[in-house]
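Biologist: I would like to learn how to read a model of this kind. Please take it feature by feature.

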Amino acid sequence: MENPKPFLFSGCFVSRVSRHDLISRVTRPVSRVTIFSAIALCLATSCAQQQPLPTPIGGGGEANPTLKTNALALKNFQDMRFGMFVHWGPISIKGTEIGWSRGVEIPVSTYDSLYLKFNPVNFNADEWIGLAKEAGMKYFVITSKHHDGFALWPSEYTDFDIAATPYKKDVLKAMELACEKQGILFGTYHSVLDWHHPDYTTRHGNDNRPVDSTTMVRYKKYLFNQVKELIQNYHTNILWFDGQWEKSWTHKDGMELYKYIRGLNDNILINNRVDKGFKGMAGMTDSIAKYAGDYGTPEQRIGGFSKEYPWESCITVGEQWAWKPNDKLKSVDQIVHTLIKTVGGNGNLLLNVGPMPDGRIEPRQVELLKGVGKWMAVNGEGVYGTRGGPFLPNDKLASTHAGQVIYLHVMDKTLKEIVLPVPQGVKASRVSVLGGKTVSYDNRDKEILIRVPENLPDSPAYVLRIKINRNAGTIDPIEVK
Ligand code: JFZ
């Protein structure tokens, strides 16, 4: 190895330790896994390429113009590309939607008493995380608190929590530890709205408790305290907020919460639902300098291609966030294609499963995730650590790239030849199928022609690895017919 590498390596390492772990170090030692994965990531990506990290465009909003998203944490998050989302709580007993069915399908008093029967005796955190890993996921986000206000950890600030259930055990701690043990980044979904809390100023469903004596001042104290617990006692790495759309929550509140979190741990990623910039299900923030947040959150849809603003689509495996008996599930093909189009648009995919009331993930969902994992085991090289483009995603194909390699993800298996329009001078020097053989191609004037090999193994999609003579990240987005 030549001399620049050790130098860069240590530079990268130091920057990770100082910016990343100094604060969390106060409360916990930096684990060997963290250090080794930091080294591996450094060598594999930015350090090896000797590129400075781009300055993130997200941050603390107009009240905090100099408060920026942690660039390294954001890069590592984007490199992961695929995570598991879990919506879970006492409502799984009824099998209706978490939060939303309170006071709608399920009377308020019934909903609010379900926790007294919540006893997921078959819950096993290592099994969930083992499954996430088998599916090829690199991070995990679970509902610490949904709109119904129930806390999945023994919170110092409420009795409406896991400690008050017959189960009693700390689900969130078990998840944090399983993630740490298995090398998965741990995060939490936390609703800023709380339809259960007496002080929260908006009521939902047929909840007719008066609001005259409610106050966001007291409620916000509660919320901030709980967020502090998640950071200091559970070392959450992602705060995935939600519920920001109600008028009780203001733009000022969003920026204040963002700043509060950064003050506790600079390393944490904060989604754009912390503030009012999130627009509709498309989920992007319309004025990034004005609103707080690190990344966009398109919901139940694939985000639009963006090199500038990081985003993550959250999508359910079935039709409900929380577990629903006999829910209609997507197929392995559908999920793999969703993942391909997402990474092809330069986004992450946070795929949601809803575990059952006894603590197990439903066997049909387990099979589905294993099917996705089978595809990822062969094709993960075209997903992890890549960025979307240059060929824009469509229904037939999508692309990602890393350095001088373009990964062409082909979903349409009827194509015999693929003609890729490229800028003048861009030439391929080798084409192969991931997990397979080299592929025949021709460099032509402003296009590369690829002859799709016959007898490709049956799979939701195949990935062509195309080595070119230029950094693919410098090529502007291209539409392919
Ligand atoms: C939100 C949650 O409400 C939902 O339960 C889930 O947690 C998802 C990830 O995020 O999605 C929304 C937000 C707002 C509306 C609908 C779904 N809305 O205003 O209709």
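Modeller: Start with confidence: pLDDT, the predictor's confidence in each residue on a scale from 0 to 100, stays under 50 over residues 1-33. For that stretch the model has 35 contacts beyond four places in sequence, a contact being two residues whose C-beta atoms, placed from the backbone, lie within 7 Å. Where pLDDT is low, the predicted coordinates should not be read in detail.

Biologist: What does the chain average in pLDDT?

Modeller: The average is 91, and 90% of the residues score at least 70. This is a predicted model, in which local features need pLDDT of at least 70 and side-chain atom pairs count only at pLDDT 80 or more, while totals for chains, interfaces and linings use all residues. Residues are numbered from 1 along each chain as its sequence is written.

Biologist: How many helices and strands are there in the chain?

Modeller: Both are DSSP runs numbered from the N terminus: helices are H or I with at least four residues, strands are E with at least two. Here there are eleven helices and 17 strands. Of the contacts with a separation of 6 or more, 69% link residues 24 or more positions apart.

Biologist: Is strand S12 mostly covered or uncovered?

Modeller: A residue is buried if 20 or more other C-beta atoms lie within 10 Å of its own, exposed if 12 or fewer, and partly exposed in between; the C-beta atoms are placed from the backbone. In S12 (residues 405-410), five of the six residues are buried. Over the chain of 481 residues, the buried share is 47%.

Biologist: Which strands does S12 pair with?

Modeller: Two strands pair if DSSP finds at least two bridges between them. S12 pairs with S11 (residues 397-402) in the antiparallel sense over six bridges, and six bridges also join S12 to S17 (residues 462-468), again antiparallel. Val-405 of S12 is the bridge partner of Ala-402 and also of Lys-467 in S17. The hairpin of S11 and S12 has two residues between the strands, and Gly-403 there takes a positive phi near 55°.

Biologist: Which residues surround the ligand?

Modeller: A residue counts as near a molecule if its C-beta atom, placed from the backbone, lies within 6 Å of it. The ligand is surrounded by Ile-98, Gly-99, Trp-100, Asp-242, Trp-245, Glu-299, Cys-314 and Trp-321. This shell divides into five nonpolar, one polar and two charged residues, where Ala, Val, Leu, Ile, Met, Phe, Trp, Tyr, Cys and Pro count as nonpolar, Asp, Glu, Lys and Arg as charged, and the others, Gly among them, as polar.
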